[in-house]
Amino acid sequence: MLQTRLCRPGATIGTAIAALAAGGLVAAAFAGCGIVTPGPVSTVGEVDFDRPLGIPPLAESTVDADGTRVFALDAQAGTTEFEPGEPSETWGFNGSYLGPTLVAERGEHVRVDMTNSLDEPTTVHWHGMHLPPEMDGGPHQMVEPDASWSPEWDIDQQAATLWYHPHPHGETEDHVARGLAGMFLLHDEHERSLGLPAEYGVDDLPVIVQDTGFSAEGELEAKQRGYAGGLGDELLVNGTRSPYVEVRDELVRLRLLNASTARSYAFAWGDGRPVELIATDGGLLEASVELEHLRLSPGERAEVLLRVEPGETLVLQSRMTPEIAGLVGPVADTNGGSDAFDVLEIRAADALDPAAEVPPQLNTIPVDDEAEVATTRRFELGDGFEINGEAMDMGRIDETVTVDTLERWVVVNTQPLPHSFHVHDVQFRVASIDGSPPPPELSGWKDTIFVEPETEVELLMRFEDYTDTDTPYMYHCHLLWHEDQGMMGQFAVVEPGQSATMTGGTHHEH
């Protein structure tokens, strides 16, 4: 897959933005950048659902004498037949496409022995994980071809659905689109005590959603590109085309991961029943929330519960609208904001194993006292794919954070176009959106959030435990093309009174 670089200078971007905002010459505005803008797509009623959903295998692990749980990942190239007899060139971890699901318990010390068998450098970033910056897997932890890297850290956060993916500066969209991604599930005693569905692949289902393009024969092909990035006209779930899953339990837990590089989804059930949300990026909500639809931008995760009747069939759909996306019509039409998809068919067996009622209280989330806010920072997501007017510089620390202090980050999308915001290392709380309290579905722990056009979001976060004057974490738009073009910054977490320095990057060899 070819990565399309944004043309410069910024004046061309401004012209494109103005044309989009006015609902005018969208294709003409982007023509100079080599972008062919996609139009609205709908696969509703057109998916055959004739293939069983693939379930990524659980990653094997061993436990060392000192109690460390050790996993192994190998980034490798291969071929995958999404259509029988039609191989596509793909990448994967421990296989040709996607990667195994890693599972760990709170309190464990883990190590991942990662080998790069590709012919170019890559990384593996633990998205949503609280860990030291030198273990984070960002662009400063590149792994060269035929080299290896073994990050290790303590699992010290609540049960959650996390994921892992590459993070090479300027190449993240391409590496993720080729197939390098997988889930990392965390459990703890409290979550297990709730009696939620917990048998992986049976009543606890990973649902990794990606959009892509296929030729008429079924071979992967390049996606068309809107302002948001590459947008495909068909979906894969866990790498499966046209998937269905048979369930034999009346209560099913779906772990939704938007692993697309640019597309946001509005998940809903085909028969109109509510979506029962129980967890967001960083773990369980205090109580389940019933929604008409669940919007997830790239990188976001959610856990939902589904109670089925014997013998029924139900379709998970994505029904995005300009209103849900916060986009005006022409901008929505060319950036996935008017698209609809049939995602996954759920088939309930004629006889189902019964399930207990879901507890009314799932979690207790402490409320931060805003009087404790030590620092307020502002991040403007503007034109030119820059944050606060500057593009990413690997040698520049943009923000220096003092450990164990509460901070308010004000993220402002100043444009009439889509963006998102992801912060490494922490889970944050949404304090307000345009001055109003967040909706219930955004009341829990988050590490990635969709920032609607011309919207201001206040986030509260506390950076704990880990300090490093030499190695930074990242914050960035998680529309991966935007990140690659420079919509990313770096921050260091330091002890009181310390200043950050820069190492210029660390490359891992044998």
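Which residue in β34 stands opposite His 422? In this predicted model, His 422 stands opposite His 476 in β34.

## Basis of the model

Residues are numbered from 1 along each chain as its sequence is written, and side-chain values use heavy atoms, with hydrogens and water left out. The model is predicted: local features need pLDDT of at least 70, side-chain atom pairs count only at pLDDT 80 or more, and totals for chains, interfaces and linings use all residues.

## Overall chain

The protein chain contains seven helices and 36 strands; helices (H or I, at least four residues) and strands (E, at least two) are DSSP runs, numbered from the N terminus. A compact globule of 510 residues would have a radius of gyration near 24 Å, and the 22 Å of the protein chain agrees with this. That radius is taken over C-alpha atoms, and the globule rule is 2.2 Å times the number of residues to the power 0.38. Along the principal axes, the C-alpha atoms fill a box of roughly 65 × 60 × 50 Å.

Of the 510 residues, 59% are buried, meaning under 20% relative accessible area (1.4 Å probe, protein chains only). Among contacts (heavy atoms within 4.5 Å) between residues at least 6 apart in sequence, 79% join residues at least 24 apart.

## The five-stranded sheet

An open sheet of five strands runs in the order β28-β35-β34-β30-β32, with mixed pairing. Two strands pair if DSSP finds at least two bridges between them. β28 (399-402) and β32 (448-451) stand at the edges with a single partner strand each, so one side of each has no neighbour in the sheet. From one strand to the next the twist averages 25°, with axes fitted to C-alpha atoms and angles running from 0 to 180 degrees between N-to-C directions.

Strand β30 (residues 419-423) pairs with strand β34 (residues 473-476) in the antiparallel sense over two bridges. β30 and β32 also run antiparallel, joined by four bridges, and Phe 421 stands opposite Ile 449 in β32. In a regular strand the side chains alternate between the two faces of the sheet. From β32, Thr 448 and Phe 450 point one way and Ile 449 and Val 451 the other, and all are buried.

## The four-stranded sheet

Another open sheet has four strands in the order β5-β12-β11-β7, again with mixed pairing. Its edge strands, β5 (102-105) and β7, each pair on one side only. The twist here averages 25° from one strand to the next. Three bridges pair β7 with strand β11 (residues 160-165) in the antiparallel sense, and His 125 stands opposite His 165 in β11.

## Aromatic pairs

The whole structure holds 22 aromatic pairs, counted when ring centres of Phe, Tyr and Trp (its six-membered ring) lie within 6.5 Å; planes under 30 degrees apart are stacked, over 60 edge-to-face and the rest tilted. Trp 126 and Trp 153 form a tilted pair, 5.4 Å centre to centre with 40° between the planes. Trp 126 in strand β7 (residues 125-127) and Trp 153 in strand β10 (residues 152-154) are 27 residues apart, and both are buried. Trp 126 also forms an edge-to-face pair with Phe 184, at 6.1 Å and 90°. Phe 184 lies in strand β12 (residues 182-187), so this pair ties together parts 58 residues apart in sequence. At 0% relative accessibility, Phe 184 counts as buried.

Elsewhere, ring pairs link Phe 379, Trp 409, Phe 421, Phe 463, Tyr 473, Tyr 475 and Phe 491 into a cluster.

Note on methods. Buried means under 20% relative accessible area, exposed over 50%, partly exposed in between (1.4 Å probe, protein chains only).
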